[in-house]
Amino acid sequence: MENFTPFSAFLGGTLIGLAATLLLWLNGRMAGVSGIMHRLLNSPKSEWLWRFNFLIGLVLGALLFNWFNPGFFTPRSDYPYWLLAVGGFLVGFGTRMGSGCTSGHGICGIANGSLRSITATLIFMISGVVTVYCIRHIVGVGA
Amino acid sequence: MKHCLAALLSGTLFGFGLSLSQMTDPNKVLGFLDVAGSWDPSLAFVMMGALAVSVIAFRFILKRPKPIWAEEFHVARKKSLDKPLLFGAMIFGIGWGMSGYCPGPAVAGLGLGNPEAFVMVASIYLGFIAQGIWARKCFKKSVTVDA
């Protein structure tokens, strides 16, 4: 538990909650990142632009943070790229099939009291834990 | 135009929050999912922080007749659990555990100049496209079975 950072985690979380609140209050939209990413592929122009701006904002927010806190984030360097690519593919496939990710189900859906989102969040948490267990403690990669 | 400004503002706040909470750090994410190793529960606090705001705020907002700058709220109306939801969530969890990134941090990671983020975003889009093709095939099959 030497890396335990509850305060910055909670504070960052409240910013994420505020971001989701702002998008619903002003635009009537849910801040589900996988949905917003996916709909860039097939939205009409009027719908496309706000989604693009949201994603640009995500990049910009991280950029700003990095600018205020240089050296806070150091990228991982020794992780196998094939594992990353297969993982990314499954993240894309699964979030589309299950209509949401950590933000859409885990934050917006749960905040909206949706049984589907509560169930989805429990399932992806459990399958994430089982996957990390297998990779780190059975196969022995990345531990 | 107003929509775009709101989305940009929301996205920026979101990306800043993801970075501050270290959701953008795959080691942190995998440390959270690694309950059998040296477990780091920090990321549970991200969810608590986000829900502390949104659970209360959504209640008030959704009582209003409509959003400030739009005609209606776009909220999922589906209530029932179905196989795509359950299997999709399971597959997403596997990918999350393999990579250490969910979609938001993958995109935000581009702003941190993280080379892994580029691989993630590209492979997430490949997954989207593959799922679309696969779903269309299944749909066709079930139509022919029904006929």
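In what order do the elements of chain A run from the N terminus on? They run α-α-α-α-α-α, and the tally for chain A is six helices and zero strands. Helices (H or I, at least four residues) and strands (E, at least two) are taken here as DSSP runs, numbered from the N terminus.

Before we go further, a word on the model. It is a predicted one, in which local features need pLDDT of at least 70 and side-chain atom pairs count only at pLDDT 80 or more, while totals for chains, interfaces and linings use all residues. Residues are numbered from 1 along each chain as its sequence is written, with chains lettered from A and ligands numbered from 1 in the order in which they are written.

Let's start with chain A as a whole. Its C-alpha trace spans about 45 × 35 × 30 Å along the principal axes. Of the 143 residues in chain A, 54% are buried, a term that asks for 20 or more other C-beta atoms within 10 Å of the residue's own, with C-beta atoms placed from the backbone.

Now bring in the partner chain. Contact between A and B involves 101 residues of chain B and 101 residues of chain A, where two residues are in contact if their C-beta atoms, placed from the backbone, lie within 7 Å. On the side of chain B that touches chain A, H1(B) gives the most, with 17 residues. By class, that side of chain B has 63 nonpolar, 30 polar and eight charged residues. Here Ala, Val, Leu, Ile, Met, Phe, Trp, Tyr, Cys and Pro count as nonpolar, Asp, Glu, Lys and Arg as charged, and the others, Gly among them, as polar.

The axes of helix H5 (residues 104-111) of chain A and H3(B) come within 8 Å and cross at roughly 30 degrees; axes are lines fitted to C-alpha atoms, for helices over the stretch in contact, and angles run from 0 to 180 degrees between N-to-C directions. Residues that meet there include A:Ile107 and A:Ile110 in H5(A), and B:Leu51 and B:Phe58 in H3(B). The residues of this contact divide into nine nonpolar, two polar and no charged.

Notes: Buried ≥ 20, exposed ≤ 12 C-beta atoms within 10 Å, placed from the backbone.
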